[in-house]
Amino acid sequence: MKNIIKASLSLFSVIALLTACSGNSDTNPVIGTVAENEIPSEPVLFKPEISANLENVKSNAPVKSFMGINGEELSVSFAVNVIEPNPERQSNYAFIYDHAYITYNTPWYERDSLNSEKYLDSSDWVEKYNEYLQNKSNYYIVKRGDKLKNGLICTDAETTYYYNHDGHISLLNTEVCLSGELTLTGTVYSLQDEETVVITGKGDLTFWPDADNGIIPNSYEMFLSEKVDIDSTPVIYESFYLGNISDLSEEYASLINENEYTDIQVTLKDIHLRFANDGTIRGSSAKVVDMKVI
């Protein structure tokens, strides 16, 4: 299974260019909204400065409303910010909203799975993976103050749609910050190959939660909407970027040492779920509160 993980890294940037399918489900992770004075102050997103003449910018925008990726109608008048085109850079309008899209499903990764070659050559594997992709095509809207089933509270959310000169509108990025702690089991991958282009430094840590965790929130992702087959299987895993091993305490860093893969139980905080269709790679990230080898 470790080979599948490594292969998925090289495919991640390709996956980000593919088109997502949408869907609805009864497994919405949001169970309610907390009062404004009960929303933790951190973490928050970095946001561009709000236009001084925002209402004028909205009224002069070339489109009044459009359809969001969840099939909802988004009015430009409800945008919390609008970035106007920069004539010198031939840029386009960007419409920014105070919500985010996330996925909420059981991770595909299994810590104790069978030999990767047998796993990939199994028709049963392909059938189950297609079912996983179908579940993952459901995504949910989260706003500041929303409380999730696992107790996490949304402290900030933002989504940006990009308006092209030809009238085409696409999702540029969607991000959400969650306060609280989440304890998960899985495998942490410590980058050892300095020439790997997907992640930028030796010792960078990516954590894959395993299926034993059940349903968990993760970032929206674009992926193949058509069913996969054995010969073309872009393996997609829920993941969290944990920074570099040098950022960990000596106690936790020693658990990983120079191992490429380490099975761990980790408690995370300051969870940031992010998708960006702008050429950047990292998606979900979090800070380590506690870690132990399993």
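Let's start at Y220, which is buried, with a relative accessible area of 4% (buried means under 20% relative accessible area, exposed over 50%, partly exposed in between, with a 1.4 Å probe and protein chains only). This is a predicted model, where local features need pLDDT of at least 70 and side-chain atom pairs pLDDT 80 or more, while totals for chains, interfaces and linings use all residues. Residues are numbered from 1 along each chain as its sequence is written, and side-chain values use heavy atoms, leaving out hydrogens and water.

Now look at the ring neighbours of Y220. Rings of Phe, Tyr and Trp (its six-membered ring) pair if their centres lie within 6.5 Å; planes under 30 degrees apart count as stacked, over 60 as edge-to-face and the rest as tilted. Y220 and F275 have ring centres 5.1 Å apart and planes at 80°, so they are edge-to-face. Y139 also pairs with Y220: the centres are 5.2 Å apart and the planes at 85°, so this pair is edge-to-face. Y139 counts as buried, at 5% relative accessibility.

The largest has 30 residues, of which V176, F240, L242, L248 and I271 touch the most other members. A second, separate core of 21 residues includes A79, Y97, Y101 and F275.

Finally, how many disulfides does the structure hold? It holds zero, a disulfide being a pair of cysteine sulfur atoms within 2.5 Å. The sulfur of C177 is 7.6 Å from the closest cysteine sulfur, in C154, too far for a bond.

How values were computed. A nonpolar core is a set of buried Ala, Val, Leu, Ile, Met, Phe, Trp, Tyr and Cys residues joined through side-chain atoms within 4.5 Å.
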